[in-house]
Amino acid sequence: MTVESTAAARKPRRASKRASATKKPQSSEPQLVQLLTPEGERVQHPEYDIDLSADELRGLYRDMVLTRRFDSEATALQRQGELGLWASLLGQEAAQIGSGRALRDDDYVFPTYREHGVAWCRGVDPTNLLGMFRGVNHGGWDPTTNNFHLYTIVIGSQTLHATGYAMGVAKDGADSAVIAYFGDGASSQGDVAESFTFSAVYNAPVVFFCQNNQWAISEPTERQTRVPLYQRAQGFGFPGVRVDGNDVLACLAVTRSALERARRGEGPTLVEAFTYRMGAHTTSDDPTKYRHDDERAAWEAKDPILRLRTYLEAEGHADEAFFTSLDEESDVLAKRVREAVRAMPDPEDMAMFDHVYADGHSLVDEERAQFAAYQASFAEEGN
């Protein structure tokens, strides 16, 4: 055999070895829990399933539709100068409504600043949320009334609050659970890692619900982690699960299971709701600067509301009268929200300086004087 023929005979074996070395193991592929496909088809899952009545299905649809309408109205109000800022939940309705409806009344919620759908499920008046973003209150609701904590603006800190609260629940011997919401961006914060450690060590009855909407403002998820987020739980000694965040049925089933596990004293669970932020991070953000329209279009085809409507219609669980009535209810909600916000007082310009320090501070006094002079300059220009 010649040198050339010997080399030729070896080539297939080398190629085969190379292909074998680069082939990814099957176990590395993320497992996504899904009960309702983007096309509106009902599918089964061996571990997570749910049996809902037609009334319950219509209720979930109603929740998502009204939440989206409220959210779009809030965005419009901010554009009209009625709110200082707004963080839209557009596209994340299923993750929030599904998880929110999995909660019992005695469970406790620690939200971020985007959980408008969960607030809706807990009975918080939407106008209270808008008052905070207008700057006329610090939340406007009593957390103990709805077991829904005030919005947390600091990224990730609420997971520590939730963990401590859950540890207290366990010491009190109660069978309730705690849920902490955060985003993929917050998963990079040290506070979240610390909350994972403490909750695991103390077996705290807490569910960490991460809405992975793919973007931490302008940073995509792949720049934050080398593994799917739900797999991080393994390193802390508790289970993690990835769920289709645009499937309200799957979000309900998975969250309900995690909460029941916490109540049984089996410790924390990390739920990663794989979804997409359809709008801007907040109204001060422009997502066209860092992501493409085709990416958004691909996720529009997975719309959580459309897929549930398709299923309701296909199964005969809702007729045109139901959808028409819901549209009318949405209009009523939007009108109430607009009127409530426009009836709110304007924020007091100087109030932001009042409680920075308990005993005052010379630097704050200086800043207050500078801001007052700046405000006064507008009146002088108008004369």
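**Sheet, helices and aromatic pairs in a predicted model**

Strands β2 and β3 (residues 178-183) pair in the parallel sense over 3 bridges; two strands count as paired if DSSP finds at least two bridges between them. The model is predicted: local features need pLDDT of at least 70 and side-chain atom pairs pLDDT 80 or more, while totals for chains, interfaces and linings use all residues. Residues are numbered from 1 along each chain as its sequence is written, and side-chain values use heavy atoms, with hydrogens and water left out. Helices (H or I, at least four residues) and strands (E, at least two) are DSSP runs numbered from the N terminus.

**Sheet**

- The bridge partner of V109 in β3 is I179.
- Helix α10 (residues 248-263) packs on the sheet and touches β1, β3, β4 (206-212), β7 (240-244) and β8 (269-274), contact meaning heavy atoms within 4.5 Å.
- The direction of α10 makes about 160° with that of β7; axes are lines fitted to C-alpha atoms, for helices over the stretch in contact, and angles run from 0 to 180 degrees between N-to-C directions.
- The open sheet has 6 strands in the order β1-β7-β8-β4-β3-β2, with parallel pairing.
- β1 (32-33) and β2 (108-110) stand at the edges with a single partner strand each, so one side of each lacks a neighbour in the sheet.

- Helix α2 (residues 54-79) has 26 residues and reaches 38 Å from its first C-alpha to its last, close to the 38 Å expected (1.5 Å times one less than the number of residues).
- Just after α2, G81 takes a positive phi of about 85°.
- The domain assignment, which is automatic or from a database, gives domain 1 (26-343) and domain 2 (349-380).
- The C-alpha centres of domain 1 and domain 2 lie 37 Å apart.

**Aromatic pairs**

- There are 25 aromatic pairs, counted when ring centres of Phe, Tyr and Trp (its six-membered ring) lie within 6.5 Å; planes under 30 degrees apart are stacked, over 60 edge-to-face and the rest tilted.
- The rings of Y108 and F110 have centres 5.0 Å apart and planes at 45°, so this pair is tilted.
- Y374 and F378 form an edge-to-face pair, 5.0 Å centre to centre with 80° between the planes.
- Y374 and F378 are 4 residues apart in helix α14 (residues 362-382), and are therefore separated by about one helical turn.
- Y108 is buried at 6% relative accessibility and F110 is buried at 4%, whereas Y374 is partly exposed at 47% and F378 is partly exposed at 45% (buried is under 20% relative accessible area, exposed over 50%, partly exposed in between; 1.4 Å probe, protein chains only).
- Ring pairs link F70, W86, F133, W141, F148 and Y151 into a cluster.
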